[in-house]
Amino acid sequence: MIEVNKLQKYFGQSPAVDGVSFSVEPGEILGFLGPNGAGKSTTMKMITGFITPTEGTVSVCGCDIETDKLSAQRKIGYLPEGTPAYEEMTPRSFLGFIAEVRGYDKSQRVDRIAAVTETMGLEGVLDQRIETLSKGFKRRVGLAQAIIHDPKVLVLDEPTDGLDPNQKHQVREMIRGLSRDKIVIISTHILEEVTAVCTRAVILANGKIVSDCTPRELEEKSRYHQAVTLALESAEDMPALVEKIQNLDLVNAVEENELELLVIPEHKDGSLLPHISNLAREEGWQLAGLFQEKGRLDEVFRSITAEGSHAEH
Ligand SMILES: Nc1ncnc2c1ncn2[C@@H]1O[C@H](COP(=O)(O)OP(=O)(O)O)[C@@H](O)[C@H]1O
Ligand SMILES: [Mg+2]
């Protein structure tokens, strides 16, 4: 497992990371969220031993990243921000180089390259210069170098950044496939990625953890959690429906939007949807659709990170 204890990093006068503590267990895919400049990359660089903390400690599977750096780094695969360097190399020569740095002899290197080539679907591009590859394939080469030594821990800094929707989907599927029996820490500012990939979401703002819970719990914090949308067949029905619905005790607010009514519940106990559905049947409302929301992560994210910055100032 990973234990991060009171990590702090100063660049000059102000802290980029300011007292971050958490631990991660095998099987967890931890999503690291936060606005630009929140300290995600800096935290990841300290966890992987690429920069030294001003204060605090990191232990990776029992090895301290400062005092036992080589053992700790053997257990970690790291995909830094952006695309890999070595543009003039081919994936085969680049991966061979990384495998050599990781201490594999020649025949082991061949085996390791074959293994990660298969996992990352690099068969067709192994001997093509990296600079000529699409962004999606470059990212896969980056992931391949991160897993060449089959590490217990994967630290991936914005692995889907800059990819098109299909490439994003592919890379997410790969990460999910890799995550079995590993610890994965992935930073992202794409909120849908957190529900799609992560088992846990840690939100950073101004170098501090401002939220640590499951993606579902995050959705439950939304004002729109269990909100019910009624799609109407005709705008004429709107005023009568709004009045009936506003009078319900279960209702906190009603928002009108063209042919849709968004009903926000007073309590998050799951009672609003069945109630509205019964009411619609009793009143004979002509509905084109009726559905319940899980919640809006963008709204939760904004309110949590804004609170974080208020605490700072
Ligand atoms: N090498 C550096 N020198 C000075 N400031 C830095 C350096 N690296 C990061 N920072 C600053 O630290 C803060 C956190 O940056 P970073 O960890 O990259 O955030 P994130 O990855 O969440 O966008 C930012 O204000 C950034 O400008
Ligand atoms: Mg970053």
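Two strands count as paired if DSSP finds at least two bridges between them. Helices (H or I, at least four residues) and strands (E, at least two) are DSSP runs, numbered from the N terminus.

**Figure 1. The whole chain, a predicted model.** Residues are numbered from 1 along each chain as its sequence is written, while chains are lettered from A and ligands numbered from 1 in the order in which they are written. In this predicted model, local features need pLDDT of at least 70, side-chain atom pairs count only at pLDDT 80 or more, and totals for chains, interfaces and linings use all residues. The chain has 11 helices and 14 strands. Its C-alpha trace spans about 75 × 45 × 30 Å along the principal axes. Of the 313 residues, 38% are buried. A residue is buried if 20 or more other C-beta atoms lie within 10 Å of its own, exposed if 12 or fewer, and partly exposed in between, with C-beta atoms placed from the backbone. Domain 1 covers 2-220 and domain 2 covers 228-293. These bounds come from an automatic or database domain assignment. The two domain centres, taken over C-alpha atoms, are 44 Å apart.

**Figure 2. The open sheet of S12, S13, S11 and S14.** The 4 strands follow the order S12-S13-S11-S14, and the pairing is antiparallel. Strands S12 (251-257) and S14 (287-292) stand at the edges with a single partner strand each, so one side of each has no neighbour in the sheet. From one strand to the next, the twist averages 15°. Angles run from 0 to 180 degrees between N-to-C directions, and axes are lines fitted to C-alpha atoms, for helices over the stretch in contact.

**Figure 3. Strand S11 and its two partners, S13 and S14.** S11 (residues 228-232) is joined to S13 (residues 260-265) by 4 bridges. Val228 has Val263 as its bridge partner in S13. Thr229 stands opposite Leu262, also in S13. Towards S14, 5 bridges join the antiparallel strands. Here Leu232 stands opposite Leu287.

**Figure 4. Helices H9 and H10 on the sheet.** Helix H9 (residues 238-246) packs on the sheet and touches S11, S12 and S13. The direction of H9 makes about 165° with that of S12. Helix H10 (residues 272-283) also packs on the sheet, touching S11, S13 and S14. The direction of H10 makes about 165° with that of S14. Residues are in contact if their C-beta atoms, placed from the backbone, lie within 7 Å.

**Figure 5. The shell around ligand 1.** Among the surrounding residues are Phe11, Ala16, Asn36, Lys40, Ser41 and Thr42. To be near, a residue needs its C-beta atom, placed from the backbone, within 6 Å of the molecule or strand. Helix H1 (residues 40-47) gives the largest share, 3 residues. The shell holds 3 nonpolar, 6 polar and 1 charged residues. Ala, Val, Leu, Ile, Met, Phe, Trp, Tyr, Cys and Pro count as nonpolar, Asp, Glu, Lys and Arg as charged, and the others, Gly among them, as polar.

**Figure 6. Gly77 in strand S6.** Strand S6 covers residues 76-79. Gly77 is buried, with 24 other C-beta atoms within 10 Å. Leaving aside neighbours within four places in sequence, Gly77 contacts Ala146, Ile147, Pro151 and Leu154. Gly77 and Leu154 are 77 residues apart in sequence, yet 4.8 Å apart in space, C-alpha to C-alpha.

Notes
Contact = placed C-beta atoms within 7 Å.
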